[in-house]
Amino acid sequence: MNKLYMIILCFIMLVSCSNKINWENDFDKAIEKSKSENKPIMMDIYTDWCGACKEMDKTTFKNKEVSDYTTNFITLKFNPEKLSNGDNFLKKYNIPGFPTMLFMNSDGFVIKRIIGYIESDELINEMRGIKQKEENIKNAFKDETPSIEKLDIYIDSGYAKEASDMYDILIKENKIPEDNITKYMSKIAVMLLDNDDYENGMRYFNEIIDKYNNQKEVYIAHYYKALDMIVNNGQTNEGIKYIENLTNEVPEDIKEQYINLIDYFNLSE
């Protein structure tokens, strides 16, 4: 074997190794390392059948800048289908599909969640902001005083019940600006519905329809009300008619969702 071949081979091996992420595969061990090394956790939640998960392994996680930056994290690959308590984990952290990435602090609090495939440059931007987000969470929760900052964190981190409870406290204390009320209500409602809490999710949307019909979010509320009628109450014809009557007045950036809903359920009949 000549020297030139050896040099090329060593270079290929060096590049290959430098692009490799050192993934943990045990959640409890990752938490322990997070505490001992004072690093947040970057968790890739995947399944063996997930095409987008495999694509991220081939592209996003092979990116050198991504792999280099992961030294700032405890990296964890987590397949819930290989664990007996996997369903409990998915429910606890409200994982809607795969892939999902969770950035956590050493207490297991979600700093940021990313749902679906993400390109390497987008992931790098998210990774760069995690340390500041972690510090913001630490400062916000130094005491138990309800605050808009805590509400924003709960929403950004995907904690539906906690966001709902915080919103209800803040609204009673008149601490939410009037022009932000329906924005918060709509975000929390969607989170609750994603978490299968239909009663409380629709409570927010119905309140928007009853009290804030001059706000843009009312059209989001109408959309979910029609969906609730069709999917949860078996009122397909009534739900389609309900949404059809609003299609001409809905803002253009929401109208496509209305039309897609109508077309989908008309075809399903």
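Predicted model: local features only at pLDDT ≥ 70, side-chain atom pairs only at ≥ 80, totals over all residues.
Q: How do the residues in the lining of the largest pocket divide by class?
A: Seven are charged, four are polar and four are nonpolar.

Q: What is the volume of the second largest pocket, and which residues lie nearest its centre?
A: The volume is about 300 Å³. Among the 15 residues that line the second largest pocket, Phe 27, Phe 78, Leu 83, Asn 85 and Phe 89 lie nearest the centre. Two or more lining residues come from each of H2, strand E2 (74–78) and helix H5 (86–92). H5 gives the most, three residues. By class, the lining of the second largest pocket has six nonpolar, five charged and four polar residues.

Q: Now the helices. At what angle do H6 and H7 pack?
A: The angle between H6 and helix H7, residues 148–157, is about 135 degrees, and their axes are 10 Å apart. Angles over 145 degrees count as roughly antiparallel and those from 65 to 115 as roughly perpendicular, so H6 and H7 are oblique to each other. The crossing of H6 and H7 is left-handed.

Q: Which residues make the contact of H6 with H7?
A: From H6 come Lys 133, Asn 136, Ile 137 and Ala 140, and from H7 come Glu 149, Lys 150, Ile 153 and Asp 156. By class, this contact has four charged, three nonpolar and one polar residue.

Q: How do H7 and H8 lie, and which residues make their contact?
A: The axes of H7 and H8 cross at roughly 155 degrees and come within 8 Å. With that angle, H7 is therefore roughly antiparallel to H8. The crossing of H7 and H8 is left-handed. On the H7 side, the contact is made by Ile 148, Lys 150, Leu 151, Tyr 154 and Ile 155, and on the H8 side by Glu 162, Ala 163, Met 166, Tyr 167 and Leu 170. Eight of the residues in the contact of H7 with H8 are nonpolar, two are charged and none is polar.

Q: At what angle do H7 and H9 cross, and which residues make the contact?
A: The axes of H7 and H9 cross at roughly 35 degrees and come within 11 Å. This crossing is left-handed. H7 uses Ile 148, Leu 151, Asp 152, Tyr 154 and Ile 155 in the contact, and H9 uses Tyr 184, Lys 187, Ile 188 and Met 191. The contact of H7 with H9 has seven nonpolar and two charged residues, with no polar ones.

Q: Turning to the backbone, which two residues does a cis peptide bond join?
A: The bond joins Phe 98 and Pro 99, and its omega is about -5 degrees. Pro 99 is part of the loop between H5 and strand E3, residues 100–104.

Q: What is the phi of Asn 174, and where is this residue found?
A: Phi of Asn 174 is near 55 degrees, a positive value in a residue that is not glycine. Asn 174 sits in the loop that runs between helix H8 (160–172) and helix H9 (181–194).

Methods. Residues numbered from 1 in each chain as written. Heavy atoms only, no water. Nonpolar A, V, L, I, M, F, W, Y, C, P; charged D, E, K, R; others polar. 1 Å grid on protein atoms, 1.4 Å probe; cavity = no way out; pocket = protein on both sides within 12 Å on 5 of 7 lines; lining within 4 Å. Points joined across faces, edges and corners; volume = space filled by probe spheres on them. Helix = DSSP H or I, 4+ residues; strand = E, 2+ residues; numbered from the N terminus. Axes fitted to C-alpha atoms, helices over the stretch in contact; angles between N-to-C directions. Parallel < 35°, antiparallel > 145°, perpendicular 65-115°, else oblique. Left-handed = near helix turned anticlockwise from the far one by under 90°. Contact = heavy atoms within 4.5 Å.
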